[in-house]
Amino acid sequence: MTTKTLDRTRPPTTGHRRPPGFISRWRARRAERDQTIAAHRLAQAVTAEFREACTALRLCQYVSVAAGVTVRTPRVGAVHGGPPMSLSVELMAGQEPADFTSRENGPRLAHSLGGHGLRVEPLAGRWVRVTVLNHDPLRDRFGLPSLAVNSGYEALILGRTEDGITLGHAFTDAGHLAGQGQNGSGKTNLCYGLLSQVAAAPDVLVTGSDITGLLLGRPWDGTVHRPHQVVGTGDVPAHAVLLEDLVSEMDRRLATIPPRRDKIEATPTTPLMLVVLEEFPGLLRAADALPKPKRGEGVPVGDRIRSAVLRLLSEGRKAAFRVLMLAQRFEATAVGGGYARDQFALRISFRVPADSLAMLHGDDARPLGREHANAAAGIAYLSGLGRDCERIRVPYLGEYGEYVDRIQAHGRRAAS
Ligand SMILES: Nc1ncnc2c1ncn2[C@@H]1O[C@H](COP(=O)(O)OP(=O)(O)OP(=O)(O)O)[C@@H](O)[C@H]1O
């Protein structure tokens, strides 16, 4: 019965949509108008918040006018509700985009706008786009594709910055590399990534000492690198012998630098020697625990290791030697002295106590310490590469088995 009544009031179906009636057109217009009003109100509110925050953070100019002093803040153009919300802003004379993302201002400005962080990109002239990030841009892990460079001069993937830039690093470029972090913070994974990418390069030899025997050693069996690696704590003096042999090779190279050259270029015949020192303080502790030789009967193993590493650090660069040292914290006494620690051009800190961060990156990093002390695995601070200390996420290679597979797949083998 009901069905029949309805049938009579409806026009016969033709297969085409009926043109909207007055009521639905009116509803659509009203929704559009409400949306415009809401967007306008949001823009006004965001602009007011932004200007107030700029004033509080002194990202403004004080102008004297007849009526007294007035405050000028950067002009806000369009506001897009997002997500993520973004606003176009005209910087004032003398301002730089980095003023809005600096350590002092960035988080405060973002919090005032209800976000976690800011990204500032140049648009045109003095205009920039300020995007309010709703969550930590480094929150999500990203994988490291299985790739290997063909030369030590090629950049490896090191990590991704908060503004989404992928940072590369060629071992031939910068100086030595230091990595610190508590247990489980991600420093070994960093090395898995770097070593698996460089393992195939014909002009790089991966050598060094690893008391854990996981990073170096077995995964490298069958490759040209393996005979130049010493692992485990069964024979600690063997680590000293390897490092002293490396110093002799460095001296030989320094003595044969061609005329009119001030350094050795890495080639397949004189490869870049990447000296990996995994858990170096642990090696020194193990060496210092050995019985000391009697007076006049030789040098203690710990001292031999310290002086060899110090020489590699201070003179190795010109001889195509690069040291990659890992430690839980870079306390001067634990890594062979303050002078040794100062030789690292590239410094990476995973989760560490606040004082350790300042120890490796200098006092400027001190304000970052409290938050970073609880950082998730794979998030690090990096200084060097001509950049200020900045937060990055290191790519995740995968489980240990994956690292072993990649070294076996890419690791350079002797030409047969
Ligand atoms: N870049 C990363 N992205 C996401 N997760 C990561 C990353 N690096 C490490 N992890 C996670 O953290 C765990 C510990 O990482 P890793 O072994 O590299 O730490 P570590 O600092 O070397 O610790 P340890 O000193 O105990 O060897 C990994 O098993 C992985 O689950």
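The centres of domain 1 and domain 2, taken over C-alpha atoms, are separated by 42 Å. The domain assignment places domain 1 at residues 37–133 and domain 2 at residues 156–410; such bounds come from an automatic or database domain assignment. The model is predicted: local features need pLDDT of at least 70, side-chain atom pairs count only at pLDDT 80 or more, and totals for chains, interfaces and linings use all residues. Residues are numbered from 1 along each chain as its sequence is written.

Strands of a sheet pair through backbone hydrogen bonds, either parallel or antiparallel. Here, two strands pair if DSSP finds at least two bridges between them. Strands (E, at least two residues) and helices (H or I, at least four) are DSSP runs, numbered from the N terminus. Strands β4 (residues 86–90) and β6 (residues 127–133) are joined by five bridges. Val89 faces Val128 in β6. Angles run from 0 to 180 degrees between N-to-C directions, and axes are lines fitted to C-alpha atoms, for helices over the stretch in contact.

Strand β7 (residues 156–161) pairs antiparallel with β16 (residues 387–393) over two bridges. Thr161 has Ile392 in β16 as its bridge partner.

Helices α7 (residues 280–288) and α8 (residues 301–315) pack at about 145°, their axes 7 Å apart. Residues are in contact if their C-beta atoms, placed from the backbone, lie within 7 Å. In α7, Leu283, Leu284, Ala287 and Asp288 meet Val301, Gly302, Ile305 and Arg306 of α8.

The ligand is surrounded by 14 residues. A residue counts as near if its C-beta atom, placed from the backbone, lies within 6 Å of the molecule. The closest are Gly186, Thr188, Asn189, Ala377 and Gly378. The shell divides into four nonpolar, eight polar and two charged residues. Ala, Val, Leu, Ile, Met, Phe, Trp, Tyr, Cys and Pro count as nonpolar, Asp, Glu, Lys and Arg as charged, and the others, Gly among them, as polar.

Conventions:
Two residues are in contact if their C-beta atoms, placed from the backbone, lie within 7 Å.
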